[in-house]
Amino acid sequence: MADTRDLLLEIGVEELPARFCLPTLEQLEAKAKAALAEARLAHGQVLTLGTPRRLVLLVRDLALQQDDRDIVARGPARKAAFDAQGQPTKAAEGFARGQGVAVSNLFIQTDEKGVEYVYARKHEAGQSVVTILPPLLRNLIYSLDFPKSMRWGARTMRFARPIRWLLCLLGDRRVPFEVEGVETGRETRGHRTLTPEGMPPVESVHDYFTKCAHSHVMVDPVQRKNVIWHQVQTVARELGGYVPRNEDLLEEITWLVEQPYAFHGQFDPAFLEVPAEVLVTSMREHQRYFPVYESEGGRLLPYFIAVRNGLDHHLDNVRHGNEKVLNARLTDARFFWDEDRRQRLEDRLDTLQTVVFQEKLGSQYDRTMRLLGLSHTVSGDLGYDYATRAKALRAAQLCKCDLITHMVFEFPELQGVMGREYALVQGEEPEVANGIFEHYLPRGAGDALPQSPAGIIVGLADKLDTLAGYFGLGLIPTGSNDPLALRRAAQGVVSVLIERGVRANLSELIGFALAGYNQFDDATRAKARDALLEFFRARLEGVMKERGFRYDVIEAVLAAGMADPVDALARAEALHSSLTNPEFAAVTSAFKRVANIAAKAEAEGEAVANAASRETQALVPAEAELWQAFSNLRAEAEAALEARDYGEFYRLATRLKQPVDAFFEQVLVMDPNPDVRRNRLAMLKEIAGLLTRPADLAKLTVGQ
């Protein structure tokens, strides 16, 4: 087995922003693997570790010698390399000399175009890893990029934060190189306040982890995260409370500390008069504290749990400082709460004229007026009763009024939440208040969906209005770029319709939304409508893929129509399920043939014969049998389609297999007699028109 050593690289920096850390380590791992592969260096597991002050690359079992390789180089064409007598020309001699091989070792091969070329094969011995690593690792560090970079001192290099030290070891041997004047060494640095400067040199890769542990640096982020959560739960139990796991907050705190220590603080219970969401936002978003509840789903308690970067030294002072800072924030929040309640939401409506929604789309007041009209149309289109529509319209009228409150100005993430709370204390019906909050849902992947009719109606209106406005301006997302979160809005519409079982025609709703913008002409509206339908199609396709439908089933269903997402999903489920039935799967090939041939009837321009006239025509037996079977089936199939019982529809359709097969075996569709040909094409067109209504069966790959 080849001799190997573990490789360790530590990039020591000033504290990195928490949001930079994990993406940078992922990037470091991927680029390191690519660089090692390109350098032909065999290795074992590649790991990345780190804290806010260090990025660490660990490569297990790195080969000490680069793999050998045989290189085949192409030279001149044979006719240029050898003369008529087969003797090498100067071109061949020059090529051989350049490749370091004898002319006699050249060989001839024919390329993919049939041209003969001269080739040379040479063996290249692998170099020592000691020679390869310095430039490889130096380039690896330079290749890292960040959302924001900086230069420092007289340096020309850009990095997220200044590089203060570099440690690089191959086993117990230092790997020498430098980056912007910082040379690699054996020195690392411990915790900023718990470990004095001048730590002993790191003797080996294994010794590095020992010294980190002794210097209060928990270098493994997975371990650090688990320790934090265990400590938080322990403190919560000591308080007799419960802390729900918040993955985003836990992840952020993991990248704020090197030596975590969780402790609790408390605040004045009088602050609990303020809505819990306000207190939790102050604690979580601004102070990175975990709120404590009485139980899962229970009321908020007057405690918080913080995580310090250190141990329990002077903990009372630290606790007091954190309590003091939080008290100031909660005092502001209570002031905003009291002050905002002095004015009713509806009295703020006119002030929305001073708040811009979008420069070319008007103010938030203009937007509210559009939402009122669109909510009225949507609620009627979805079949809600008068009382429900009235509550939805009230929610639409008030849904943006909290944008100009002190609380939402200070805590923008509380929009909708505060609208609900102010509406409740001002005597609005609970359905109206919930509609104000829920119209923003879902706010992202995995978020809750609106439950109330008012939330569904106003939420659909709000998202459709936003999409119509921006698509009307031509601001359509391209690639991964979506600064206006329009994909999220469209996904929200599709999710609400599907998960809540709301039957709607997207094409009509988009038309209603675009009609609310007087600044768009008819041509602009038509262009935006087509673009939006395609945009929604992509979202619906994604939902179907997530549910495991085959690509051809998705194509077949969407080709038959996607304006009603709930119906489209039902058709996909029925077709997907039917294809697992061997009896139905066996007939799809015949049905596809019907659909393909029937398409030719369009070119003939022949009107479809009705059942009564066809029965009087002289038909060959197989043709008459197919027409009779179709005539007998049609009423039941139409009833199944009307009831949207697509599974029953496909079950009924299997009754046509035998007469369809017999028809194609015994009848020439493209008969030389034009009248006969047109009649047969018209019959197939009529049959296909029914069979392909739920899905375009011609797009299925079954039977191919």
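Reader: How do the residues of the lining of the largest pocket divide by class?

Author: They divide into nine nonpolar, nine charged and four polar residues, where Ala, Val, Leu, Ile, Met, Phe, Trp, Tyr, Cys and Pro count as nonpolar, Asp, Glu, Lys and Arg as charged, and the others, Gly among them, as polar. The model is predicted, with local features needing pLDDT of at least 70 and side-chain atom pairs pLDDT 80 or more, whereas totals for chains, interfaces and linings use all residues. Residues are numbered from 1 along each chain as its sequence is written, and side-chain values use heavy atoms, without hydrogens or water.

Reader: What volume does the largest pocket have, and which residues are the closest to its centre?

Author: A pocket is an open set of points on a 1 Å grid where a 1.4 Å probe fits, with protein on both sides within 12 Å along at least five of seven lines, and lining residues have an atom within 4 Å of a point. Here the volume (the space filled by probe spheres set on the points) is about 720 Å³, and of the 22 lining residues Asn-246, Arg-284, Glu-285, Arg-443 and Asp-447 are the closest to the centre.

Reader: Which element gives the largest share of that lining?

Author: Helix α8 does, with six residues (a helix is a DSSP run of H or I, at least four residues).

Reader: What is the volume of the second largest pocket, and how does its lining divide?

Author: Its volume is about 580 Å³, and its lining has eleven nonpolar, four polar and seven charged residues. Arg-367, Gln-415, Tyr-440, Asp-462 and Arg-488 are the closest to its centre, while α15 gives the most to the lining, with four residues.

Technical notes: Helix = DSSP H or I, 4+ residues; strand = E, 2+ residues; numbered from the N terminus.
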